[in-house]
Structure formats: structure tokens, C-alpha cells
Amino acid sequence: MHRFAWAAVICCLVCTCSRAQQTQTGTLPDAPAGGGQSQTVTQPSNPIQSSVVLFQVLQQKSRVFPDIATNAGEFGAWQKFKLAANNSMSVSTIAQALVAAGFSQAIDSASGYGQGVDGYAKRFGADMARSASDNLFGTFLIASALREDPRFYVKRGLSPKQSLKYAAQRLVYTRSDSGEQVINFDGLLGPLASEGLANTYYPKTNRGFGSTFVRYGSDQGWKFAGYVVRQYWPRINRKLRLLPES
């Protein structure tokens with residue numbers, strides 16, 4: 001059962017991400033301008049070129065935070081499905097899983113996974129699976145059913161205190177497809193459904209009501225931190241640019 005669950009998650013991610021990336025087009029705000037010419041990333045042949053490629057990847061907001069809204073236009077169910085797939089394998093999701101797995105191992109959270117490289121790999125895989133199911137349930141299914149817009153809208157000109165307040169509010173409220181403020185059910189219920197599913201593949205000693213809500217609280221903490229970073233991402237992105245904007 002454990003192997004079947006992992007195989008299903010991996011197959012779902014590969015298929016959905018493949019289809020989503022084939023159809024993703026458009027120029028995103030704060031992306032490097034190139035005088036109307038398309039930018040290509042060549043295969044690096046030395047460490048310096050590798051660093052340049054890394055920064056060029058970070059310049060593409062869609063690979064780091066796919067859920068940052070680029071316009072206030074219609075965002076249908078198919079677009080939410082693609083967003084869920086892209087979110088599941090984005091740079092920010094992978095980075096969060098790497099850090100979270102290390103922190104969990106340091107405090108021996110999910111103790112059933114043990115320690116060492118094997119324990120870290122299991123924690124990382126579990127974190128990636130939780131993110132994938134969170135996006136499937138929340139970003140796609142719940143957001144589509146309740147007509148919620150799961151994207152994050154950056155508010156410019158906020159002070160650090162205001163940005164923290166906005167990030168906290170975003171945990172509870174979001175936009176509807178029609179642009180109205182509504183309860184963020186996809187962000188509140190998606191992680192809960194994901195953690196319920198996680199009980200099917202987490203170690204037996206780390207399942208149950210208590211463990212589920214500890215992980216759920218951790219999910220909301222990571223979401224809050226992620227919203228704060230998203231608020232500053234356009235500014236960070238501009239500072240990381242290696243190419244001229246014109």
C-alpha cells in the first residue's frame with residue numbers, strides 16, 4: 001500500500017507537470033526584458049556558467065513562485081489544475097521541502113523515519129508528497145468547486161509591518177473568481193485534507209489526530225513565511241538580474 005501511494009503521487013506529478021509546462025506561455029511582470037528577443041538558457045560548461053544559469057532560472061518567477069498573480073483576469077479550473085502541478089514542483093516548494101526535512105530531522109520530528117541520509121530522504125519525499133496533495137486538494141479541487149482564486153496578489157508599497165499583516169490575512173482570506181474577498185477555504189482545507197492523506201504513508205508512530213494537526217500547524221506557518229517572501233519577490237528578482245532590462 002505504501003509503495004502504491006508513492007507510485008500514484010509520482011505518476012500524477014509527472015503527468016500533470018508535463019502537460020502544464022507544455023501550455024504555459026506569456027511574459028510575467030518583473031521578468032528580465034530583452035528588447036523583444038526571447039532568452040534561452042544554454043547548458044553550462046563550467047562552474048561560472050552554472051551560477052549564471054541558476055540566476056537566470058531564479059529570474060523566471062513562474063519557476064520560483066508560480067502562484068504569484070500576473071493579472072486579474074479570469075482564472076478557470078484548467079488553469080488552477082496547471083497551477084497545482086507547477087506549484088508542486090516549483091523551486092520554492094523543493095527548497096522548502098529540503099529545509100523542512102532538515103529541521104524535522106534535527107528535532108527528530110516524524111521519528112519513525114529514523115536518522116541519517118535514509119531518514120532525511122524519507123522526510124523530504126514525504127514533504128514533497130504533502131505539498132503535491134495540498135495543491136491537488138486546495139489549489140485545484142476546492143478552489144475550482146468554490147470558485148476561489150488561489151493565486152497570490154502582491155501589494156506594492158507596503159511597509160514591513162503591513163506586509164506581515166497582509167501575509168497573515170492571506171491565510172484566512174483570498175479572492176473569489178469574481179474579485180471579491182472570501183474565506184480562503186482552499187488554503188485552510190487543502191492542507192488539512194493533505195495531512196489526512198499523509199496518515200496513509202507516514203510511520204505508524206506519527207499518525208493520528210495529534211500528529212495530523214501538528215503538521216497542519218506547520219503547514220500554515222510555512223505558508224505565512226512563503227507569503228511574506230512573495231511580497232518581496234519582485235524586489236528580490238530585480239536585484240538578482242544579471243541581464244540588462246533594455
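## Charges over rings

In this predicted model, the charged end of Arg215 is placed over the ring of Tyr202, 4.4 Å from the ring's centre. A second case involves Arg175, which lies over the face of Tyr153 at 4.2 Å from the ring centre.

## Aromatic pairs

A pair of aromatic rings is described by the distance of the centres and the angle of the planes. The structure holds nine aromatic pairs. One of them joins Phe152 and Tyr227: the ring centres are 5.3 Å apart and the planes stand at 15°, under the 30 degrees that limit a stacked pair, so this pair is stacked. Phe152 lies in the loop between β1 (148-149) and α7 (160-172), while Tyr227 belongs to helix α9 (residues 209-240). The two residues are 75 residues apart, and their pair links distant parts of the chain. Phe152 and Tyr227 are both buried.

How do the rings of Tyr201 and Tyr202 pair? Their centres are 6.0 Å apart and their planes are at 40°, so the pair is tilted. Tyr201 has a relative accessibility of 6% and counts as buried. Tyr202 is buried as well, with a relative accessible area of 6%. Elsewhere, ring pairs link Trp78, Phe81 and Phe140 into a cluster.

## Nonpolar cores

Which residues make up the largest nonpolar core? This core has eight residues: Ala69, Phe152, Tyr153, Tyr166, Ala167, Leu171, Tyr227 and Val228. The elements that contribute two or more residues to this core are α7 and α9. Helix α7 gives the largest share, three residues.

Among the members of this core is Leu171. Leaving aside residues up to four places away in sequence, Leu171 touches Asn184, Leu188, Gln220, Lys223, Phe224 and Tyr227. Another core, of seven residues, lies apart from the largest one; Ala126, Ala129, Ala198 and Tyr202 are among its members.

Asp219 is placed in helix α9. Is Asp219 buried or exposed? With a relative accessibility of 14%, below the 20% cut-off, Asp219 counts as buried. When residues up to four places away in sequence are not counted, Asp219 touches Arg130, Pro191 and Glu195.

## Helix α5

Helix α5 covers residues 91-106, 16 residues in total. From its first C-alpha to its last, α5 reaches 23 Å, close to the 22 Å expected at 1.5 Å a residue. The buried residues in α5 are Ser92, Thr93, Ala97, Ala100, Ala101, Ser104 and Gln105. An α-helix has 3.6 residues a turn, so residues three or four places apart point the same way. Just after α5, Asp108 takes a positive phi of about 60°.

## The chain overall

The chain contains nine helices and three strands. Starting at the N terminus, its elements run α-α-α-α-α-α-β-α-β-β-α-α. The chain has 246 residues, of which 40% count as buried.

Among contacts in the chain with a separation of 6 or more, 72% are between residues 24 or more positions apart. The accessible surface of the chain comes to about 13600 Å², and 62% of this surface belongs to carbon and sulfur atoms.

Conventions
Residues numbered from 1 in each chain as written. Predicted model: local features only at pLDDT ≥ 70, side-chain atom pairs only at ≥ 80, totals over all residues. Heavy atoms only, no water. Phe/Tyr/Trp six-rings, centres within 6.5 Å; stacked < 30°, edge-to-face > 60°. Helix = DSSP H or I, 4+ residues; strand = E, 2+ residues; numbered from the N terminus. Buried < 20%, exposed > 50% of the residue type's maximum accessible area, 1.4 Å probe, protein only. Lys NZ or Arg CZ within 6 Å of the ring centre and 35° of its normal. Core = buried A, V, L, I, M, F, W, Y, C linked by side-chain atoms within 4.5 Å. Contact = heavy atoms within 4.5 Å. Expected span 1.5 Å × (residues − 1). Areas by Shrake-Rupley, 256 points an atom, 1.4 Å probe, with all protein chains shown as cover.
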